[in-house]
Amino acid sequence: MSDTAQAWSTTQVRIRMMFRLRVSLLAVATTVLFAVGLRHMLIYRDAYSSVPTQFVAWGALAAVLGAEAVLTIRRLTWRRLRGVAIGVVLAASATSYLTLTEGVATYADWAYGTANWIGIAILFDRPLQAQLAFLAGHCALALTDLLLLAGADQASILRFMTGSVGVLGYPLCVAAVVVPLRAVASSAARSHREVERARTDEQVAAESALRRRQRITELADSTMPLLAGLADRTLDPSDQRVRQRCAIEAGRLRRLMAEHDTVADPLLHELRHCADIAERRGVRVELDARGHWPDLSVPVRRSLTDAPLAALATADSWARVTVVGDGGLVSVNVVADCGGIELSQPADPDARLETRSTKDMTWVEVWWRTK
Amino acid sequence: MADKVISAVLVDDHVAIAAGVGSWFSLAEPPIVLLNAGDRLPDLWTGPGARADVVIFDLELVPRQPNFGELRRLVKNRRRVVVYSQHADQETALRCVDLGALAYLTKREGEEHLVPAVRAAAEGRSYTAPTLSGVLVTDERPERPSLTPREREVLRAWFVSSSKDLVARKLDISAKTVETHIERVRAKYAHVGRAAPTKSDLVSHALDDGLITLDELTAQRDV
């Protein structure tokens, strides 16, 4: 897997985990807004100096949560509007506190507990400090209301303190858990990448093994019997024909190795390898190519190069190798002083082999129709 | 022409090339006289070089700067030029043919092509070596001349086999007919390559081809 693909995969895993976390917080805040906030507001509606004001405050919190829901669905973040949203949450709380006849942290006070959850939902991807600052700010706001406006006494302060344990404690716990979960998301992404890499390595190894098996199968018909014959001495290396077979098989092996190279023109690349085998034997080889041809599959290339390979492998001192791509045909030619050699027609039905000989020169041509 | 000793002036800055060509020419039958101008282009225009029958021209005395201008000047001054280049790319070869070089040989093509190319050029005929044949048969420019299927077959076979005997055998024609086809292709290229953007160029071509004579031209003016 490339670095870019790895980075993409890692990012995808992290994004998925963070999205699920955000949806969970949204669900908790929505449940609290309705099950605690709205329910308490309706039950204790007689305890407010202005019920419409309470509805406005609740509506403002609901609007902020609705916006968070829309952003979550669209995979967007608050960006610069995050501050505005927190401001609206705190303003809604303060508005609610102003019309509470018995002050904060009473049964009628639905806003103190609800707003904390909504604030945590909005700040879910911010550092822990931001969430702590919000909770502390909101607590200070409620305490200010209690001390300045509601006429605090010892009982109400104690009630506020005991009430704050749950109201601040649960969101604080969640905020504290979100931060390590974000780290887990990153490490899960890394693990995912490792698993992907291991899977890719396994596939590469399996393909290499398959390719090796294919190569062995491809050599089974020609190279293996030759090697077996040389090993059990039924073939004599001093025999000219045996030496020719060896040269041809060496060319085939070289071509087989070259077939999997990533090059611009595999046909010319493989022919160069075949030419190199001849040059190592001291044969002067000219290679020239003209015109264009399409990308050719391995079986077509083998059909085109089988006979030229044999001619090159058995050339005595000189060979001219040419490729012409023109008029819907690609043809591979070898003219060489290779004497009479036995060549069979190419395996591909669209390929044809033609040979011509003068007394000292043989011309082998294989052509294949491209369209 | 048969009895006349052919002389050729070689422009090439490689001493080994000059020595090799000199050796081939001295062993040719009949021998060809070689004048070595080295990398001195002025020697083509003065002294014995100016009188040589054929100019053998290395296109790239300065690496990667083919001297098409000098080739154009030589052809314009009716010098018979064989381009001997180390490059085999399509574009360079076609441009030399268009500019009027009688032969374009790559340096991989040795005496078996250079000697007949110089002999043909001395007689004002073109010579097409296998490499140039491959260039012509795969020429896809819109301005290329139209070739018959047979001409294409001959060019292709000559390129791949580099043996006129093998071409003749494959196409079941005589070696002489092979040469006729190739010469006809070059004639078509010569016709297309001679651009005549002005009226004076047209008149010049007409004079070259013998369609009109100088006397006729003067008589026309006097009327």
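Begin by selecting Val54(B) in this predicted model, and look across to S4(B), where Arg80(B) stands opposite this valine. The two residues belong to neighbouring strands: strand S3 of chain B, residues 54-57, is joined by four bridges to strand S4 of chain B, residues 80-85, and the two run parallel.

Keep S3(B) selected and turn to the other neighbour, S1(B), which pairs with S3(B) in the parallel sense, again over four bridges. To find a place where this pairing can be seen residue by residue, pick Leu10(B), whose bridge partner in S3(B) is Ile56(B). Then show the side chains of S3(B) itself, for both faces of this strand are covered: Val54(B) and Ile56(B) lie on one side, Val55(B) and Phe57(B) on the other, and all of them are buried.

Now widen the selection to the whole sheet of chain B, an open sheet of five strands in the order S2-S1-S3-S4-S5, with parallel pairing. At its edges you will find strand S2, residues 33-38, and strand S5, residues 103-106, of chain B, each of which pairs on one side only. If you look along the sheet, the twist from one strand to the next averages 20 degrees.

Helix H1 of chain B, residues 15-27, lies across S1, S2 and S3 of chain B, and runs at about 170 degrees to S2(B). Helix H3 of chain B, residues 68-76, also packs on the sheet, where this helix touches S3 and S4 of chain B and has a direction at about 155 degrees to that of S4(B).

From here, select Asp58(B), which is found in the loop between S3 and H3 of chain B. UniProt, in an unreviewed entry, lists this residue under "modified residue: 4-aspartylphosphate". Is Asp58(B) buried or exposed? Asp58(B) counts as buried because 20 other C-beta atoms lie within 10 Å, and the cut-off for that class is 20 or more. Leaving aside residues up to four places away in sequence, Asp58(B) touches Val11(B), Asp12(B), Asp13(B), Tyr84(B) and Ser85(B).

Among the elements of chain B, S3(B) has the highest mean pLDDT, 96, whereas helix H10, residues 199-208, has the lowest, 59. Where pLDDT is low, the predicted coordinates should not be read in detail.

Move on to the contact between the chains, which takes 15 residues from chain A and 17 residues from chain B. On the side of chain A that touches chain B, the elements giving two or more residues are strands S1 (284-291), S2 (318-326), S3 (329-336) and S5 (362-369) of chain A. Coloured by class, this side of chain A shows four nonpolar, four polar and seven charged residues. The model as a whole scores ipTM 0.79 and pTM 0.61.

Finish in chain A, where the unreviewed UniProt entry places the annotation "transmembrane region" on several spans, including residues 55-73 and 80-98. Residues 55-73 of chain A are 100% helix, and their end C-alpha atoms lie 26 Å apart. Residues 80-98 of chain A are 95% helix and 0% strand, with end C-alpha atoms that lie 29 Å apart.

Definitions and conventions:
Residues are numbered from 1 along each chain as its sequence is written. Chains are lettered from A and ligands numbered from 1 in the order in which they are written. This is a predicted model: local features need pLDDT of at least 70, side-chain atom pairs count only at pLDDT 80 or more; totals for chains, interfaces and linings use all residues. Two residues are in contact if their C-beta atoms, placed from the backbone, lie within 7 Å. Ala, Val, Leu, Ile, Met, Phe, Trp, Tyr, Cys and Pro count as nonpolar, Asp, Glu, Lys and Arg as charged, and the others, Gly among them, as polar. Two strands pair if DSSP finds at least two bridges between them. Axes are lines fitted to C-alpha atoms, for helices over the stretch in contact, and angles run from 0 to 180 degrees between N-to-C directions. UniProt positions are given in the numbering used here, feature names are shortened, and annotations may be inferred rather than shown by experiment. pLDDT is the predictor's confidence in each residue, from 0 to 100. A residue is buried if 20 or more other C-beta atoms lie within 10 Å of its own, exposed if 12 or fewer, and partly exposed in between; C-beta atoms are placed from the backbone.
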